[in-house]
Every structure is written in C-alpha cells, then in structure tokens.
Amino acid sequence: MKIILDFETSGLNPYHDDIIEIGMKDIESGKIFTCLIQPKSNELISEKITEITGITNKLLKKQGILWQEAYISMNKWLLKIQNKSEKREIIIISHNGESFDFIFFKRILSDLRKLNIKTISLNKIKYIDTLLLSKRLLPRREYYNQASLCRYFNIEIIGAHRSMNDVICLEKIWNYLVENLDNKLNKRYSIKNDIYKIIDY
C-alpha cells in the first residue's frame with residue numbers, strides 16, 4: 001500500500017522540533033488521516049511558523065489533540081491499511097522525506113514503542129523520497145522543492161503548507177513522476193503497478 005505523507009512542524013530540525021499537523025492518504029483506497037497536534041514539548045510555535053503554515057497557537061490549543069492520542073490514532077490507521085496489503089507492507093512517499101518527514105515518522109514509531117504500543121515492523125516499511133526521484137528524472141533543474149515541481153507540472157497550489165493540501169499536490173506530482181519514469185524506461189507495462197522497480201530505481 002502506498003501512503004502519501006506530509007508533516008507540518010514547529011521548525012526545521014527533524015530531531016528536536018515538534019509535529020503540529022499530520023496528513024496521510026492511501027493512494028489505492030483514497031482514505032485519509034489528518035489531525036492537528038498540540039506540540040509535544042508544550043512550547044509555543046513561532047510567528048514565522050504561523051506565517052508559513054497559517055497554523056496559530058490558538059488553533060492548536062482549540063483543535064489540536066495531545067501527541068499520544070494523535071500518534072496512537074495514526075498508528076491504528078496505518079495498521080488497518082497494512083492489514084489490507086497482500087505483502088503486509090507500507091510504502092511511505094514524501095517530498096524531502098530522507099532529510100525530514102521520514103525522520104519525524106520514525107520518531108513517532110519510537111515514541112509509540114516506548115509506550116508499549118505495537119507498531120508496524122520497521123522491515124515492513126519502504127520509503128520513497130520524491131525529491132530524490134525528481135532529481136533523478138528531471139536533471140539540470142535549478143529548483144526541486146514541491147512548489148517548483150507543481151509549477152513545472154501545472155498543478156494548482158491551494159493552501160500550501162497545510163498537510164492535506166500538500167499531500168494532494170504531492171500525489172499529483174507522484175503521478176507525473178511515475179508517468180515520466182514509464183516513458184523513460186519504455187516498458188510494455190506500467191511501472192506504477194510494480195512499485196519495487198521504482199524503489200530500486
């Protein structure tokens with residue numbers, strides 16, 4: 001099962017900053033998971049983060065849930081998705097995942113295990129970073145951030161830097177990248193149906 005993932009966070013340090021919003025979508029079923037999270041550190045988010053995301057401390061206080069509740073709910077959602085997978089594997093797709101989202105994601109699983117909560121086994125999770133994939137497929141571009149790729153593929157950006165909005169845009173980018181790879185390899189069948197060839201690529 002392929003999951004598009006995006007986090008909004010209190011800063012750019014994936015080892016120390018807080019997750020303040022989760023957005024996830026299962027490409028196959030279209031099912032989504034999203035929530036606002038009160039910062040685990042109990043620190044207020046900065047004016048700069050509010051300017052980027054539109055998320056305010058007041059909004060997090062009013063609509064955000066405690067990190068334990070958010071992580072447990074996300075984990076339950078993922079386990080349900082995994083149970084429907086033939087190979088019982090989850091493939092997480094994020095933009096700049098290797099340097100950011102995947103690190104936050106692994107922190108969530110670590111925090112859950114510290115609470116003695118069963119999570120998806122690490123060997124049942126594969127990762128695809130669309131930033132790295134786009135650099136491989138679209139060489140010599142100056143910019144590879146998500147907004148730049150949206151403009152390149154003529155994808156309308158609505159409400160950037162809110163998790164589900166970014167997930168929706170990234171799914172469209174993903175489809176274009178897979179189509180690009182299909183054309184590049186010139187195969188008789190769609191590589192979209194063989195995700196492991198994309199991972200190997």
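**Entry 1. The largest cavity**

I began with the largest cavity, which is lined by Asp17, Asp18, Ile19, Lys40, Tyr71, Phe104, Arg107, Ile108 and Asp111. The model is a predicted one, in which local features need pLDDT of at least 70 and side-chain atom pairs count only at pLDDT 80 or more, while totals for chains, interfaces and linings use all residues. Residues are numbered from 1 along each chain as its sequence is written, and side-chain values use heavy atoms, with hydrogens and water left out.

On a 1 Å grid over the protein atoms alone, a cavity is a set of points where a 1.4 Å probe fits but cannot get out, and a lining residue has an atom within 4 Å of a point. Grid points are joined across faces, edges and corners, and a volume is the space filled by probe spheres set on the points.

I noted a volume of about 40 Å³ for the largest cavity. The structure holds one cavity of 30 Å³ or more. I then sorted the lining of the largest cavity by class and recorded four nonpolar, no polar and five charged residues. For these classes, Ala, Val, Leu, Ile, Met, Phe, Trp, Tyr, Cys and Pro are nonpolar, Asp, Glu, Lys and Arg are charged, and the others, Gly among them, are polar. Which element gives the most to this lining? I found that H4 does, with four residues. Helices (H or I, at least four residues) and strands (E, at least two) are DSSP runs, numbered from the N terminus.

**Entry 2. The largest pocket**

The space in the largest pocket is about 690 Å³. It is lined by 25 residues, and those closest to its centre are Asp6, Glu8, Phe100, His161 and Asp166. I listed the elements that give two or more residues to this lining: strand E1 (2-9), helix H1 (47-53), helix H4 (97-114), helix H6 (146-152) and helix H7 (163-185). By class, the pocket lining has 11 nonpolar, nine polar and five charged residues.

**Entry 3. Aromatic rings**

I looked up the aromatic pairs and recorded eight of them. Rings of Phe, Tyr and Trp (its six-membered ring) pair if their centres lie within 6.5 Å; planes under 30 degrees apart are stacked, over 60 edge-to-face, and the rest tilted.

Phe105 and Tyr127 make an edge-to-face pair, with 6.3 Å from centre to centre and 75° between the planes. Phe105 is in helix H4 and Tyr127 in strand E5 (residues 125-129), so this pair ties together parts that are 22 residues apart in sequence. Is Phe105 buried or exposed? I found it buried, at a relative accessible area of 1%. Buried means under 20% relative accessible area, exposed over 50%, and partly exposed in between (1.4 Å probe, protein chains only).

I also noted one aromatic cluster formed by Phe7, Phe100 and Phe104.

The charged end of Lys106 sits over the ring of Tyr127, 4.9 Å from its centre, and Lys40 lies over the face of Trp67, 4.5 Å from the ring centre. The test is that NZ of Lys or CZ of Arg is within 6 Å of the ring centre and within 35 degrees of the ring normal.

**Entry 4. Cysteines**

How many disulfides does the structure hold? I counted zero, a disulfide being a pair of cysteine sulfur atoms within 2.5 Å. The sulfur of Cys35 is 20 Å from the closest cysteine sulfur, in Cys169, which is too far for a bond. Cys169 is in no disulfide either, and its nearest cysteine sulfur, that of Cys150, is 4.1 Å away. Cys35 is buried at 13% relative accessibility, and Cys169 is buried at 5%.

Most residues other than glycine have a negative phi. Asn42 is in the loop between strand E3 (32-36) and H1, and is exposed at 70%. Asn116 also has a positive phi, near 60°; this residue is in the loop between H4 and E5 and is exposed at 74%.

Asn75 is in helix H3 (residues 67-83) and is buried at 2% relative accessibility. Asn75 and Lys118 are 43 residues apart in sequence, yet 8.6 Å apart in space, C-alpha to C-alpha.

Asn96 is in the loop between strand E4 (90-94) and H4, and is partly exposed at 29%. Asn96 and Asp6 are 90 residues apart in sequence and 9.8 Å apart in space, C-alpha to C-alpha.

How values were computed. 1 Å grid on protein atoms, 1.4 Å probe; cavity = no way out; pocket = protein on both sides within 12 Å on 5 of 7 lines; lining within 4 Å.
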